[in-house]
Amino acid sequence: MKINKLMGLMVASSILLGFGANVATADTTANTNTLVTVIDATGPDPLDPSDSPPGNPNQPGQLYLQLQTVPDTYGFQTSLNRNGLYTINATTYIDSGDSDPTPAIKVFNDRSKRKWNVKAQLHANTLTTVDNKIMTNVSFSMTTDSSRSGNPTSKTMGTGTEVIVAQNSTLKGLPTPAGSDITDNIAVNTGVIATPVTAASVSFTDGGKLLKVDDVMTGQIDYQLYIVAAY
């Protein structure tokens, strides 16, 4: 799945739901508890890592591994620079419209032992104004804790480069025998997995000194979800 964007309830493995009326007399009423258990996905993985491009889960009706949301907009502001060289940190982040205000890359996964990643690149490697002033030498940097290990790092997207901005956490005990249950993997690698975006910056060159005050440049970041392996 590909997304293009401009720059206490407790979930447990089992949920007990009680249905029925209170017992008035032992011989006239009764109730039955309903137990709903969320299980790990089993059977063949619906995605084939040998697909072209490799691991591209862009299949009709694919519901098992989804790139759900990415930040909607990264906002930048700058004054004019007389040497035409610009490096600007983002000043605003607009989320993807869900209930979580933190800008994040969110993936849904139903298989604890599936390895996946999300890669991003700067679309066409350009920034352009409405009157078609085109900036050159454009690069975009995004800071994420890609595997949610507590060590956020900056990833730079230059000309034609695609970088990993989110991926599965380090999984334990893989490959494992069929039917084995790695509880740690279930906790960190199933459901909606959010990778916060904590910073962003853009660099470019205005070689012809074309920019004027009030110019607005637009660019686009492309995101692609890939399956790496499933056991």
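In which helix is Asn189 found? This is a predicted model, in which local features need pLDDT of at least 70 and side-chain atom pairs count only at pLDDT 80 or more, while totals for chains, interfaces and linings use all residues. Residues are numbered from 1 along each chain as its sequence is written, and side-chain values use heavy atoms, with hydrogens and water left out.

Select Asn189 to begin: this residue lies in helix 1 (residues 183-189), where a helix is a DSSP run of H or I of at least four residues, a strand is a run of E of at least two, and both are numbered from the N terminus. Asn189 is buried, with a relative accessible area of 0% (buried means under 20%, exposed over 50%, partly exposed in between, with a 1.4 Å probe and protein chains only).

Tyr74 belongs to strand 5 (residues 73-75) and Phe140 to strand 11 (residues 134-144), 66 residues apart, and both Tyr74 and Phe140 are buried.

Finally, select Tyr86 and Phe204, a stacked aromatic pair with 4.8 Å from centre to centre and 10° between the planes. Tyr86 is in strand 6 (residues 85-89) and Phe204 in strand 14 (residues 191-205), 118 residues apart.

Key:
Phe/Tyr/Trp six-rings, centres within 6.5 Å; stacked < 30°, edge-to-face > 60°.
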